[in-house]
Protein chains: 2
Amino acid sequence: MDIDKVFKALADPGRRRLLDMLHHENGQTVTALCEHMDMTRQAVTQHLQQLEGANLVAVIWQGREKLHYLNPVPLHEIYERWIGKFERNRLRALHDFKKKLEGDDHDKA
Amino acid sequence: MDIDKVFKALADPGRRRLLDMLHHENGQTVTALCEHMDMTRQAVTQHLQQLEGANLVAVIWQGREKLHYLNPVPLHEIYERWIGKFERNRLRALHDFKKKLEGDDHDKA
DNA sequence: ATTATATGCAAGTATTTACTTGCATGTCAA
DNA sequence: TTGACATGCAAGTAAATACTTGCATATAAT
């Protein structure tokens, strides 16, 4: 799994918006998703392709319609491999930080 | 809190690497961080500034040295406001998705 | 004082990314 | 089978991002 693609995909507000829309209603077509996006269909398509490439969205063809489904697994990966790791040390880091500040203010006092 | 800046900051592998380094050893100087980065000091500085802008890194000046400290709070925010939301519906979404697939395979059979 | 070290500022280039426009293809419905 | 609808493909433009180079400033060490 290419976590870089996931981060890159999430970096754009438009793409996050698309994920939100699918979160609100799963299995939407390109055209449906376009209605709330202030850009051409092509632009939206390209964003959706990136989301697909990052495996955040899966697609099912239904006749001439392309239905988009959210795949939350990569988000989970990001949490596991990235956020959790830092979270675990959250309090410790904050502690270190404050200690440093205090050390500066009254050094050896 | 500007969550877009956080996502943008995380979108670059170099910046994620810097966060990793600080996670490994907190409070490093620019120069120290540069040693493991295959680019000029200026480039690293600019990345660090973006991390600072996203509030992922805090800085303390110590004489001529600039010490960088990790701030995991924005990561937590991302989890809270983004990942968790999707996680909660993870199983449900997967369920919907499979049902859709099945429905296509043997429609009304 | 002089030199070395740690960093900043700013302009310029190169690469990447976002978005558009125009046309092509395939599916559905009358 | 014709017309409307859903989407794809591809080339081009505009804007954002990553990175560099050259010089300036401040702190520390000798």
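Colleague: Of the atoms of DNA strand D within 4 Å of the protein, what percentage belong to sugar or phosphate?

Modeller: Sugar or phosphate atoms make up 57% of them, and the rest belong to bases. Before we go on, this is a predicted model, in which local features need pLDDT of at least 70, side-chain atom pairs count only at pLDDT 80 or more, and totals for chains, interfaces and linings use all residues, while side-chain values use heavy atoms, with hydrogens and water left out. Residues are numbered from 1 along each chain as its sequence is written, and chains are lettered from A and ligands numbered from 1 in the order in which they are written.

Colleague: Which residues come nearest to DNA strand D?

Modeller: A residue is near a strand if one of its heavy atoms lies within 4 Å of it. There are 22 residues around DNA strand D, and Thr31(A), Gln42(A), Lys66(A), Thr40(B) and His47(B) come nearest.

Colleague: How do I read a polar contact, and which base oxygen distance does Arg64(A) show?

Modeller: A polar contact is a pair of N or O atoms within 3.5 Å; within protein, one must be able to donate a hydrogen and the other to accept it, and residues adjacent in sequence count only if both atoms are side-chain atoms. Here, a polar side-chain atom of Arg64(A) is 2.9 Å from a base oxygen of DNA strand D. H4(B) provides the largest share, five residues.

Colleague: And which residues come nearest to DNA strand C?

Modeller: Among 22 residues around DNA strand C, the nearest are His47(A), Thr31(B), Gln42(B), Arg64(B) and Lys66(B). A polar backbone atom of Thr40(A) is 2.8 Å from a phosphate oxygen of DNA strand C. Base oxygens are reached by side-chain N or O atoms too: Gln46(A) at 3.0 Å and Arg64(B) at 2.8 Å. The elements with two or more residues at this surface are H4 of chain A, together with helix H3 (30-34), H4 and S2 of chain B. The largest share, five residues, comes from H4(A).

Colleague: How many helices and strands does chain A have?

Modeller: Helices (H or I, at least four residues) and strands (E, at least two) are DSSP runs, numbered from the N terminus. Chain A has six helices and two strands, in the order α-α-α-α-β-β-α-α.

Colleague: Which residues of H2(A) are buried?

Modeller: Buried means under 20% relative accessible area, exposed over 50%, and partly exposed in between (1.4 Å probe, protein chains only). An α-helix has 3.6 residues a turn, so residues three or four places apart point the same way. In H2(A), the buried residues are Gly14(A), Arg15(A), Arg16(A), Leu18(A), Leu19(A), Met21(A), Leu22(A) and His23(A). At the start of H2(A), a side-chain oxygen of Asp12(A) comes within 2.8 Å of the backbone nitrogen of Gly14(A). Across the whole of chain A, buried residues are 45% of the 109 residues.

Colleague: How are S1(B) and S2(B) arranged?

Modeller: Two strands pair if DSSP finds at least two bridges between them. Strand S1 (residues 57-62) and strand S2 (residues 65-70) of chain B run antiparallel, joined by six bridges. They form a hairpin with two residues between them, and Gly63(B) in the turn has a positive phi of about 65°. One of the bridge pairs is Trp61(B) with Lys66(B).

Colleague: Is Lys66(B) buried or exposed?

Modeller: Lys66(B), in strand S2 of chain B, counts as buried at 18% relative accessibility. Contact means heavy atoms within 4.5 Å. Leaving aside neighbours within four places in sequence, Lys66(B) is in contact with Gln28(B), Thr29(B), Val30(B), Glu52(B), Val59(B), Ile60(B) and Trp61(B).

Colleague: What is the phi of Asn55(A)?

Modeller: Its phi is near 70°, a positive value in a residue other than glycine. Asn55(A) sits in the loop between H4 and strand S1 (57-62) of chain A, and is partly exposed at 40% relative accessibility. Asn55(B) also has a positive phi of about 70° without being a glycine; Asn55(B) lies in the loop between H4 and S1 of chain B.
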